[in-house]
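I opened my notebook to look around one protein chain. Here is what I looked up, in order.

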Amino acid sequence: MKPYYITTAIDYTNAPPHIGHAYEKVLADVMARFQRLNGREVYFLTGVDQHGQKVQKSAEKAGQSPQEFVDGVTQHFTALWDKLNVRFDGWAATTDIKHKRVVQAMLQKLHDCGQLYKKSYAGFYSVRQEQFLTDKERGPDGSFGEEWGEVVELQEENWYFRLSDHVEWLKNYIRGNPDFIYPPHRANDVLNSLEGNAQDLCISRPLERLSWGIPLPFDEKFVNYVWFDALTNYISFAGYLADEVGNEGMPDFKKLWPADAEIIGKDILVPAHAVYWPIMLHALGFPDAEIPKLIVHGWWNVKGAKISKSLGNVIDPNVLSTTFTPDGLRYYLMRDIATGYDADFSDERIIMSYNKELAGGLGNLLNRSINMAQK
């Protein structure tokens with residue numbers, strides 16, 4: 001049987017982990033453990049996304065080089081996964097030279113088959129999301145919402161990916177493959193986003209504006225767009241093009257691919273994982289049978305409000321795991337949310353689950369069983 005290949009989103013290294021990061025990784029770890037208990041070989045990949053404009057700006061603010069900054073933040077993530085007993089098999093870091101080789105080889109392939117072109121463009125740019133915006137992103141009042149952060153007008157020359165050439169294929173693929181996205185209702189969000197005139201994707205940033213990224217192999221005045229770089233981790237660390245680019249010690253890609261589950265948050269489903277990613281693979285020549293499956297989880301909220309630094313309601317999983325033990329936190333995270341939907345974090349609920357269900361329920365059952373076995 002094919003190994004069970006499971007991945008998570010790679011975490012952006014401009015800030016330490018919060019409870020949403022912990023939930024996603026524990027969910028993947030539980031799924032991986034379930035498959036192992038069933039006797040199946042498993043490859044569980046997770047990691048960190050270390051390039052991009054936000055990282056460059058955060059490093060400048062901290063008075064560090066980008067590499068020093070991401071190394072420091074990465075340690076917070078790896079320490080938490082160790083504390084929470086998240087047992088992954090592969091670690092993806094986008095500054096890894098092996099990943100860089102695959103990204104550049106992939107870009108060259110797309111360039112050589114005419115999927116990339118250069119043009120000048122003027123428009124609105126989201127600094128937070130590191131992408132150009134269109135009228136589809138405007139709210140009813142004509143303005144761009146809070147989710148886009150600072151929005152500025154830019155005019156510059158860049159490289160573009162012929163995303164629009166593949167939109168009809170993607171629509172048909174989604175309709176013909178109801179197991180592509182879980183939960184299934186999320187597929188409607190994707191199809192709705194594809195209505196109207198499809199835009200090609202800007203996949204570069206000029207070096208004078210952003211230096212912290214992977215240079216384009218055919219035009220080193222530009223670095224690769226952070227999402228194009230980050231999404232590639234799912235194949236680069238699974239052994240894609242390993243022989244071609246000289247990446248030794250990688251998994252057997254033909255044996256491993258496609259991913260059986262790519263676990264992501266609902267905020268990065270559209271457009272990154274459900275539009276950019278399958279179209280990238282399709283343009284590279286991957287057949288429909290090798291498009292990975294997406295499992296889309298919801299958010300942990302606090303009293304109905306999304307967790308965010310600006311609201312001051314960020315929940316630190318390190319503190320929770322110290323108070324309730326790593327297993328106690330893992331149990332609560334899996335017990336109190338339905339996969340694919342939102343949930344409200346509650347101090348009362350985690351205390352109840354720890355005291356009543358783990359100690360009073362499971363602990364009491366274990367104690368009675370041991371006593372009965374002794375008698």
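I started with a definition: a residue is buried when its relative accessible area is under 20%, exposed when over 50%, and partly exposed in between, using a 1.4 Å probe and protein chains only. By that rule, 50% of the 375 residues of the chain count as buried.

I noted that this is a predicted model, where local features need pLDDT of at least 70, side-chain atom pairs count only at pLDDT 80 or more, and totals for chains, interfaces and linings use all residues. Residues are numbered from 1 along each chain as its sequence is written, and side-chain values use heavy atoms, leaving out hydrogens and water.

Next I looked up the overall form.

Then I went inside. A nonpolar core is a set of buried Ala, Val, Leu, Ile, Met, Phe, Trp, Tyr and Cys residues joined through side-chain atoms within 4.5 Å. The largest one has 108 residues, and I6, F161, I203, W257 and W300 have the most contacts inside it. I also found a second, separate core of six residues, including Y117 and F132.

Last, I followed I6, with contact meaning heavy atoms within 4.5 Å. Leaving out residues up to four places away in sequence, I6 touches several residues, among them A28, F44 and I263.
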